[in-house]
Amino acid sequence: MSKLRCRCGSSYRIFNWRKLKDGTPVFGYQCNMRTVNPTRSFVLDHNMTQQLSCDAISIPEWKLELMAKKIFEKVWGNQNKAILRACKMIESCQNGKATARMSAAPIRSQIEKIKKRKLNYAAMRADGELP
């Protein structure tokens, strides 16, 4: 998860948090700095002033999904009207295709008429009637 950043500036690393009873894996995310280096409390207890550390806790996947849901709800608000409008637009496009199929018959007759003219002009040219 390179887009998710810890307060220390490091990226987060995904890990297998646990498995559900049905065997479905549940993932979590942990600060990469904390994964590689000792905890902040350990560094302070042992006066390791030069050692990099982070004390951020692991985040379960469901918590990130909940935060994203809340953010989208806040930004987008109630999208019922937009969804209904999109459905109406899709239906109108589908209805437009059906009417386009129905109106194809006159176009086909025009195509046939033009093909006959082309054959007639070719015959007239072959007979010498047209230069």
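Author: Let's start with a term: a residue is buried under 20% relative accessible area, exposed over 50%, and partly exposed in between, using a 1.4 Å probe and protein chains only. This is a predicted model, where local features need pLDDT of at least 70, side-chain atom pairs count only at pLDDT 80 or more, and totals for chains, interfaces and linings use all residues. Residues are numbered from 1 along each chain as its sequence is written, and side-chain values use heavy atoms, leaving out hydrogens and water.

Reader: Thanks! Why is C54 called buried?

Author: The relative accessible area of C54 is 3%, and buried means under 20%, so C54 is buried.

Reader: How do you know that C54 is in no disulfide?

Author: A disulfide is a pair of cysteine sulfur atoms within 2.5 Å. A search of the whole structure finds zero disulfides. For C54, the nearest cysteine sulfur, that of C6, is 3.5 Å away.

Reader: What makes S10 buried?

Author: S10 has a relative accessible area of 13%, so this residue is buried. S10 sits in the segment before β1 (12-19). Contact means heavy atoms within 4.5 Å; leaving aside residues up to four places away in sequence, S10 touches L4, R5, C31, N32 and M33. A polar atom of the S10 side chain is 3.2 Å from the backbone nitrogen of M33.

Reader: Which strands are the edge strands of the sheet?

Author: Strands are DSSP runs of E with at least two residues, helices runs of H or I with at least four, both numbered from the N terminus. Two strands pair if DSSP finds at least two bridges between them. The open sheet has three strands in the order β1-β2-β3, with antiparallel pairing; β1 and β3 are the edge strands, as each pairs on one side only. Two bridges join β2 (residues 25-31) to β3, and G28 stands opposite P60 in β3.

Reader: How do you know that the span of helix α5 agrees with what it should be?

Author: The expected span is 1.5 Å times one less than the number of residues. For the 23 residues of α5 (residues 104-126) that gives 33 Å, and the end C-alpha atoms are 33 Å apart, so the two agree.

Key: Polar contact = N/O pair within 3.5 Å; in protein donor to acceptor, adjacent residues only side chain to side chain.
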